[in-house]
Amino acid sequence: MSEAMINQAAWQCAPGHPLRIGVADLPQLATSEIRIRNAAIAINPIDWILQEIALLPWLEYPAILGSDVAGEVTAVGSGVERFKVGDRVVGQAVGTTVNEPAQGAFQQHTILLDHMAAPIPDDMAFADAAVLPLGLGTAASGLYGRTQLALTPPSHSPSARSEVVLVWGGSSSVGCNAIQLATASGYRCVTTASAHNSDLLKGLGASEVLDHSSPTIVDDVVEAIGGARLAGTLHATGGINDCFAVVEKCVGSRRVAATLPPPQERPAGVEATLISGTILKDDEVGPMIYRDFLPQALATRRFVPAPPAKVVGKGLETLQAAMEALKAGVSAAKIVVTLP
Ligand SMILES: NC(=O)c1ccc[n+]([C@@H]2O[C@H](COP(=O)([O-])OP(=O)(O)OC[C@H]3O[C@@H](n4cnc5c(N)ncnc54)[C@H](OP(=O)(O)O)[C@@H]3O)[C@@H](O)[C@H]2O)c1
């Protein structure tokens, strides 16, 4: 390993400990992998959860956490055709899913699967692009996965449909991506969020944004849907029982794709499935998003990184504070750290 290629990581040595900076290996690339030099890393709830508890039984510690990276390609595997050294990309790191530290985000150099990465426009900041991956992957798996809502894939020129996709918790990271994807699939999108995030979400394509703090939220959402057929519901965050109550009162699909394990107690006929935000690395949704949709959608700005990046630090040593900032709570913001 040359001096220039020493890789530093923010290690999670064991649950319950703060991150510790140390050297990490740079293994050889497999055929369909790329290596990127991370310029920006975004934080997700699963990061601070995995710092606190060993939630994933297969994940060995010391581990390198993190899912969201953007940076420049420094090496490509022998079978990679979509990328070359120097390309600016965004990608979903799957290290905690495959128990492979080299594929974690919280380090200077990360290995990505080539079908889980996309080029980004020259004028898009790495910090902005980094907000995308896990929120996008989770939204896409919920909307398009065959065992989830199995909706029509996103298109660069969608035909308008009369059916509605309900996104509960639209200002969350998963929610902002779900609104844009549902819109790119041609559906009308109705969502819930705080009133102060209404304009942001309408800008992403939501037709109606209902204030989740309203005591009449269930009736408000039903009224906004206005008798249209539901194509499906994605529960990103917020009160899932209110979400179920809306689905029960509407016509159309009774399926809810949920980001957290859904309660067994549900109104009769309402089905709920738990989304895996990493399953797209193994099914058709990964290439659907990263190869067929995202590159052009980002280039034309039909799809934008959202919620907006909130850069809270520079350098691996600021990742600990970044995780704490996310744990303290955000409203329509993605916590990001840049790397020098
Ligand atoms: N299954 C998976 O693979 C997977 C993957 C990723 C995430 N997740 C889970 O998905 C959930 C969302 O993650 P995230 O990163 O998208 O969250 P996030 O961005 O941290 O969520 C913050 C948002 O939650 C919204 N919120 C809080 N209470 C709400 C309510 N009662 N109704 C509607 N919105 C409400 C806030 O909206 P306002 O500020 O507008 O009030 C805020 O904008 C988390 O539980 C996470 O652990 C699961």
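Predicted model: local features only at pLDDT ≥ 70, side-chain atom pairs only at ≥ 80, totals over all residues.
Overall dimensions next. Along the principal axes, the C-alpha atoms of the protein chain fill a box of roughly 65 × 40 × 35 Å. In secondary structure, the protein chain comes to 10 helices and 16 strands. Of its 340 residues, 51% are buried. If you take contacts between residues at least 6 apart in sequence, 68% of them join residues at least 24 apart.

Now the domains. The assignment for the protein chain gives two entries: domain 1, covering 3-131 + 308-338, and domain 2, covering 137-274. Their centres, over C-alpha atoms, are separated by 29 Å. Across the boundary, four residues of domain 1 are in contact with six residues of domain 2. The side of domain 1 that touches domain 2 consists, by class, of one nonpolar, two polar and one charged residues.

In soluble globular proteins, nonpolar side chains tend to be buried together. Here the largest nonpolar core has 108 residues, and those touching the most other members are Ile-41, Phe-106, Ala-130, Leu-143, Val-167, Ala-178 and Val-336. Domain 1 and domain 2 each contribute at least three residues to this core.

Take Leu-143 as one case. Which residues is Leu-143 in contact with, leaving aside its neighbours within four places in sequence? They are Leu-149, Leu-151, Ala-178, Leu-181, Ala-182 and Leu-234.

Then the ligand. It is surrounded by 28 residues, the closest being Ser-172, Gly-238, Thr-259, Gly-277 and Ser-331. By class, the shell has 10 nonpolar and 18 polar residues, with no charged ones. At least two shell residues come from each of helix 1 (45-52), helix 4 (133-144), helix 5 (173-184) and strand 9 (188-193). Helix 4 gives the most, with three residues. Where does the ligand sit relative to the domains? Both domain 1 and domain 2 give residues to the shell, so the ligand lies between them.

Leu-55 is placed in the loop between helix 1 and strand 4 (68-76). Is Leu-55 buried or exposed? The cut-off for exposed is 12 or fewer other C-beta atoms within 10 Å; Leu-55 has 11 such neighbours, so it counts as exposed. Not counting residues up to four places away in sequence, Leu-55 touches Ile-49 and Leu-50. Between Leu-55 and Val-85 there are 30 residues in sequence and 36 Å in space, C-alpha to C-alpha.

The other two positions are in helix 8. Asn-241 is found there, and it is exposed because 11 other C-beta atoms lie within 10 Å.

With 13 other C-beta atoms within 10 Å, Lys-249 is partly exposed. Gly-329 is 80 residues from Lys-249 along the chain, and their C-alpha atoms are 31 Å apart.

Conventions: Residues numbered from 1 in each chain as written. Buried ≥ 20, exposed ≤ 12 C-beta atoms within 10 Å, placed from the backbone. Core = buried A, V, L, I, M, F, W, Y, C linked by C-beta atoms within 7 Å. Domains from an automatic or database assignment. Contact = placed C-beta atoms within 7 Å. Helix = DSSP H or I, 4+ residues; strand = E, 2+ residues; numbered from the N terminus. Near = placed C-beta within 6 Å. Nonpolar A, V, L, I, M, F, W, Y, C, P; charged D, E, K, R; others polar.
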